[in-house]
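I opened this model to look up a few things and kept notes as I went. The entries follow in the order I made them.

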Amino acid sequence: MAGVTSPKRVLLAKPRGYCAGVDRAVQTVEKALELYGPPVYVRKEIVHNKHVVNTLRNRGAIFVDENEEVPEGSIVVFSAHGVAPEVHEQAKARSLKAIDATCPLVTKVHVEARRFAADDYDILLIGHEGHEEVVGTTGEAPAHIQLVDGPDSVDKVQVRDPSKVVWLSQTTLSVDETMQTVHKLKQRLPLLQSPPSDDICYATQNRQQVVKEIAPECDVMLVVGSKNSSNSVRMVEVAIAAGARAGHLIDFAHEIDEAWVAGAQTVGVSSGASVPEELVMEVLDWLVERGFTDVSEVTTAQERLTFSLPQELKRDMKAAEAARAAAQA
Ligand code: SF4
């Protein structure tokens, strides 16, 4: 039997893990803790990853659901998923110092929503009901936006003028499923316009693309990511649709069930956009201990994008530096 003599394989997907928006959001909280000292309040999970949230909590971040839970005058960071304009207003009313860590690629969708709403379009927002990003984007123009939660929701869509409709989407969806939804929408609304540029972000697309490429060779695909991480959940779905015999989402290596890999010759490994690399390395160690010693990285794209920290934080960091320099002079 091949499995007895030849080393068992791991195909490690690249790109995987942190995207530019997550990196910026996590750094925002870290720098805010350094600059202002704890506690720093964070509205919602800064990114959808258990390990990241717990690490920041241990360093003095306090995670809350709403601004009302933040003491007046405190510092609050808004998460990478974005917030509705009313959340900024509430923060102002409570005299909170708000630092907005919304990913610039989510902000881009907010700007599109505002622009099409100002032109009196009906906006069909493809996304998952209740997801923070969808709530935030909808808040930009609630009277103009209706949610389309996958192909099965298309029949419910009602528009005022079929010649003035545009679709936008959440940034972390399955590319293929979104196109199915759009296709179905276009059958009902032939004049439906598309967003000016892709709303599904580069990181989501790249992570799905490499998973698709390796999936046909995989007996099982392990995706490191949290259950509330939309892009991570989609990666497991994409892997199975592309031919992986099985797929599992895990937060940590210790969650892997021995039975999942018992008969496997090739295991695919990747991680969602909010997952630190150390968690992937722990999964690789776990697999190596079980004979999966032949590890090859499969690369389908190089990512170089970075985002600078929020302006409001950079301003305060600069002022603190200037004050330090003046004190030393
Ligand atoms: S997944 Fe995409 S939209 Fe979300 S934070 Fe990362 S880069 Fe931004």
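This is a predicted model: local features need pLDDT of at least 70, side-chain atom pairs count only at pLDDT 80 or more; totals for chains, interfaces and linings use all residues.

**Ligand shell.** I found 15 residues around the ligand, and Cys-19, Gly-21, Cys-103, Thr-171 and Cys-201 come nearest. I then looked up which elements give two or more residues to this shell, and they are helix H2 (20-36), helix H5 (104-118) and helix H8 (202-214). Helix H2 gives the most, with 3 residues. Sorting the shell by class, I got 10 nonpolar and 5 polar residues, and no charged ones.

The UniProt record, an unreviewed entry, carries the annotation "active site" at Glu-133. I located Glu-133 in helix H6, which spans residues 132-138. Is Glu-133 buried or exposed? I list Glu-133 as buried because 25 other C-beta atoms lie within 10 Å, and the cut-off for buried is 20 or more. Leaving out residues up to four places away in sequence, Glu-133 touches His-81, Gly-82, Val-106, Gly-127, Gln-170 and Thr-171.

**Nonpolar cores.** The largest nonpolar core has 58 residues, and Val-29, Ile-46, Val-77, Ile-123 and Leu-125 have the most contacts inside it. A second, separate core has 32 residues, including Leu-222, Val-224, Ala-244 and Val-261. I followed up Val-77: beyond its neighbours within four places in sequence, Val-77 is in contact with Thr-28, Val-29, Ala-32, Val-40, Val-42, Ile-46, Ile-99 and Ala-101.

Notes:
Residues are numbered from 1 along each chain as its sequence is written. UniProt positions are given in the numbering used here, feature names are shortened, and annotations may be inferred rather than shown by experiment. Helices (H or I, at least four residues) and strands (E, at least two) are DSSP runs, numbered from the N terminus. A residue is buried if 20 or more other C-beta atoms lie within 10 Å of its own, exposed if 12 or fewer, and partly exposed in between; C-beta atoms are placed from the backbone. Two residues are in contact if their C-beta atoms, placed from the backbone, lie within 7 Å. A residue is near a molecule or strand if its C-beta atom, placed from the backbone, lies within 6 Å of it. Ala, Val, Leu, Ile, Met, Phe, Trp, Tyr, Cys and Pro count as nonpolar, Asp, Glu, Lys and Arg as charged, and the others, Gly among them, as polar. A nonpolar core is a set of buried Ala, Val, Leu, Ile, Met, Phe, Trp, Tyr and Cys residues joined through C-beta atoms within 7 Å.
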